[in-house]
Amino acid sequence: MNRFYVVVGVVAVVLAVAVFALLKSGGGASAAAAGPPPTVVDDGFRGYTLGSETAPVEITEYLDYECPVCATFATIQMPTIKEQLINTGRVRWRFRDYPLPIHKYSRFAAHAVQCAGAQGKFFQMQDQLFYHHQWAQTGKDPASLFRDLARAAGVDLNAYDSCMEKGQFAARIEFSRQEGDQKLVDGTPTFFANGTKLTFRRLPGSDDFKAVVDSMIAHASRRPGRQASATH
Amino acid sequence: MRYRQAIALLALVGLFVALYLWLHALGFGGAIKCGASGGCETVQTSPWAVFLGLPVAFYGVVGYLAILIVALMALRPAALTQKNWSVTLLGLATVGVLFTGYLTYLELFVIHAICRWCVGSAVIITAIWVVAVMAMRRKEGMTER
């Protein structure tokens with residue numbers, strides 16, 4: 001009996017050391033842009049949008065660049081959604097940052113995209129990060145890779161480096177994350193249609209959003225004098 | 001006695017697996033160690049990684065801790081011949097297996113990704129359940145030799 005408790009104690013110590021080593025091997029942050037800012041200021045920015053300003057339905061997506069599901073959605077589902085819903089003027093898509101705390105480089109990635117966005121290359125940089133998503137699986141510092149991706153996106157690297165070094169958009173990203181918290185975002189990607197949270201039993205595709213959009217437009221058209229409108 | 005010892009050791013291993021996933025979900029450490037497939041990240045960052053407002057791994061920590069405590073209490077000399085401890089262990093293991101079955105269903109058919117740590121936990125809780133059933137099938141009074 002006593003020998004058993006010794007075995008339990010030894011196994012517990014070995015496992016505790018193993019868990020500590022696993023957590024510690026995650027490493028540290030690489031730049032000011034990788035962490036939350038000391039203060040959060042609302043700069044009035046509410047996310048980049050894709051699609052017509054007059055679209056009857058606005059879909060807001062809270063995303064995390066290190067999230068594999070977000071990358072799958074962006075690379076597999078989004079092209080069809082763009083073709084069928086956004087380019088046809090039925091939907092306007094709004095991108096909001098929601099970096100999850102379990103991801104080491106998601107803030108850094110969001111910041112890289114915002115810095116590219118300041119140069120008018122938001123969507124190009126977003127595509128670079130999602131279509132080369134292997135960076136999110138290695139656990140390695142992606143700062144150097146992101147510069148290469150920024151260059152490929154057509155970003156001026158001097159301005160990009162300065163933006164990243166200053167953490168110019170750290171407060172904007174944190175504001176977006178806090179906004180997500182207030183809207184009870186509990187994972188990524190999370191979607192809202194004209195401000196209403198959407199719940200899907202699986203990763204949604206174009207058909208799922210088409211059903212939502214059809215329903216909202218039909219619902220609005222049944223009310224004389226009222227139109228479906230975006231809340232943001 | 002051997003069955004209860006086996007359950008205690010299995011629960012101890014399961015506890016640390018769940019603890020690692022829970023601490024990771026709370027933001028400790030960097031990228032989860034899961035091999036090149038990335039299945040753990042897919043599962044951990046999905047909306048189904050949170051259940052009733054808490055990370056799923058938290059329920060694993062609580063469940064394994066409960067099984068460990070009950071198994072250790074069942075190993076006291078006075079408890080060795082009492083079958084109600086085996087019933088309690090089987091009940092806890094059954095709840096764990098059912099919850100794990102639900103989570104595995106989500107991984108396979110909803111999230112379409114497999115987390116190796118989750119598979120490890122599923123194997124452990126299934127093993128605990130099998131051992132608990134074996135302990136129950138022994139006649140009372142002969143169980144804990």
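What is the mean pLDDT of chain B? The mean is 85, and 87% of the residues of chain B reach 70 or more; pLDDT is the predictor's confidence in each residue, from 0 to 100.

This is a predicted model, in which local features need pLDDT of at least 70 and side-chain atom pairs count only at pLDDT 80 or more, while totals for chains, interfaces and linings use all residues. Residues are numbered from 1 along each chain as its sequence is written, chains are lettered from A in the order in which they are written, and side-chain values use heavy atoms, with hydrogens and water left out.

| Helix of chain B | Residues | Mean pLDDT |
|---|---|---|
| H2 | 39-44 | 72, the lowest among the elements of chain B |
| H3 | 56-74 | 95, the highest among the elements of chain B |

Take care with residues 140-145 of chain B, where pLDDT stays under 50. Where pLDDT is low, the predicted coordinates should not be read in detail.

Now let's see how the chains meet. The contact (heavy atoms within 4.5 Å) takes 31 residues from chain A and 31 residues from chain B. Together the two chains bury about 2800 Å², 72% of it on carbon and sulfur atoms; buried area is the accessible area (1.4 Å probe) that two parts lose on being put together, summed over both. In chain A, the residues that lose the most area to chain B are A:Phe4, A:Leu23 and A:Ile102, together 23% of what that side buries.

How values were computed
Helix = DSSP H or I, 4+ residues; strand = E, 2+ residues; numbered from the N terminus.
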